[in-house]
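Here are my notes on the model, in numbered points. Have the structure open while you read them.

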Amino acid sequence: MRCLAIAVAAACLSQTVTGASAAEDRYRLEKKDGGYVRMDTQTGAMSLCEERSGQLVCKLAADERDAYQSQIEQLQGSLKTLEDRVTALEKGRIAVPAPGLPSEEEFEKGMGYMERFFRRFMGIVKDFEQEENKPGQNQPADPNKT
C-alpha cells in the first residue's frame, strides 16, 4: 500500500516537471537590435519585446495585432446580433416553433390527410359489412366437396 502511494506521488511529480519544461520550451527568444523577438513555438505567433525597468515587455507584431483586432470586431458584431435576438425572443416578438414540431399549417394539412384516409377506410369497412349481410351471398361451403 505504501509503495503504491509512493509510486503515485512520483508519477504526479514527474508530470509536473514535464509540464513545466514543456511550458519553458514553448517560447523562443532571439536578441535583435533594441530588444528581443519572442516566438510561440506552438502557434507561431511572434511578439516584439524590450526591457523596461528590468522587466521584459512584449507587444504583438503589427500584422498579428490587426488580425486580432479584426477578429475582435467580428466577434463583437456577432455578440451584438445574438444579444438583440435574445432580447427579441424574451419579449416574445419572434415566434420560434419548437425544433422538430410542425407549424400550425403543416399540422392542419396532415390532419386533413388523416381524416380523408380514415373516412375512405371506414367506407371500405361499411361496404364489406353490407356484402356480408346480403342474403344468399354467403352460403356455407359443402364439407364433402373440395
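1. Two strands count as paired if DSSP finds at least two bridges between them, and helices (H or I, at least four residues) and strands (E, at least two) are DSSP runs numbered from the N terminus. A word on the ground rules: this is a predicted model, where local features need pLDDT of at least 70 and side-chain atom pairs count only at pLDDT 80 or more, while totals for chains, interfaces and linings use all residues. Residues are numbered from 1 along each chain as its sequence is written, and side-chain values use heavy atoms, with hydrogens and water left out.

2. The overall layout: the chain has three helices and four strands, and along the sequence they run α-β-β-β-β-α-α. Among contacts (heavy atoms within 4.5 Å) between residues at least 6 apart in sequence, 2% join residues at least 24 apart. Buried residues make up 6% of the 146 residues in the chain; here buried means under 20% relative accessible area, exposed over 50%, and partly exposed in between (1.4 Å probe, protein chains only). The accessible surface comes to about 13,400 Å², and 56% of that belongs to carbon and sulfur atoms. These areas come from the Shrake-Rupley method with a 1.4 Å probe, and for residues only the protein chains shown count as cover.

3. On to the hairpin. Strand S1 (residues 27-32) pairs with strand S2 (residues 35-40) in the antiparallel sense, over six bridges. One detail to click on is Lys31, whose bridge partner in S2 is Tyr36. Two residues sit between the strands, and Gly34 takes a positive phi near 75° in this hairpin.

4. Where does Ser53 lie? Ser53 is in the loop between strand S3 (46-52) and strand S4 (55-60). Its phi is positive too, near 50°, in a residue other than glycine. Ser53 counts as exposed, at 81% relative accessibility.

5. Ser47 lies in strand S3 and counts as buried at 5% relative accessibility. Leaving aside neighbours within four places in sequence, the contacts of Ser47 include Tyr36, Val37 and Arg38, along with Cys58, Lys59, Leu60 and Ala61.

6. Cys49 is buried, with a relative accessible area of 4%, whereas Cys58 is partly exposed at 29%.

7. Now the charges. Side chains of opposite charge can pair when their charged atoms come close. For a salt bridge, the rule is a side-chain nitrogen of Lys or Arg within 4 Å of a carboxyl oxygen of Asp or Glu, and the structure holds four of them. One of these joins Asp40 and Arg26, with the closest N and O atoms 2.7 Å apart. That pair links distant parts of the chain, as Asp40 is in strand S2 and Arg26 in helix H1 (residues 2-26), 14 residues apart. Asp40 counts as buried at 7% relative accessibility, while Arg26 is partly exposed, with a relative accessible area of 26%.

8. Two other pairs sit within helices. Asp84 and Lys80 meet in a salt bridge (3.1 Å, N to O); both lie in helix H2 (residues 62-91), four residues apart, or about one turn of the helix. Asp84 is partly exposed at 40% relative accessibility, and Lys80 is partly exposed at 48%. In helix H3, Arg119 and Glu115 lie four residues apart, about one turn, and their side chains form a salt bridge (3.1 Å, N to O). Arg119 is exposed at 60%, whereas Glu115 is partly exposed at 43%.

9. Finally, please look at the nonpolar surface patch. The rule takes residues with over 30% relative accessible area and no salt bridge, joining like charges within 9 Å and nonpolar side chains (Val, Leu, Ile, Met, Phe, Trp, Tyr) within 5 Å. Phe107, Met111, Met114, Phe117, Phe118, Phe121 and Met122 form the patch, with about 710 Å² of accessible area together. Of these, Phe118 lies in helix H3 (residues 104-133) and is partly exposed, with a relative accessible area of 45%.
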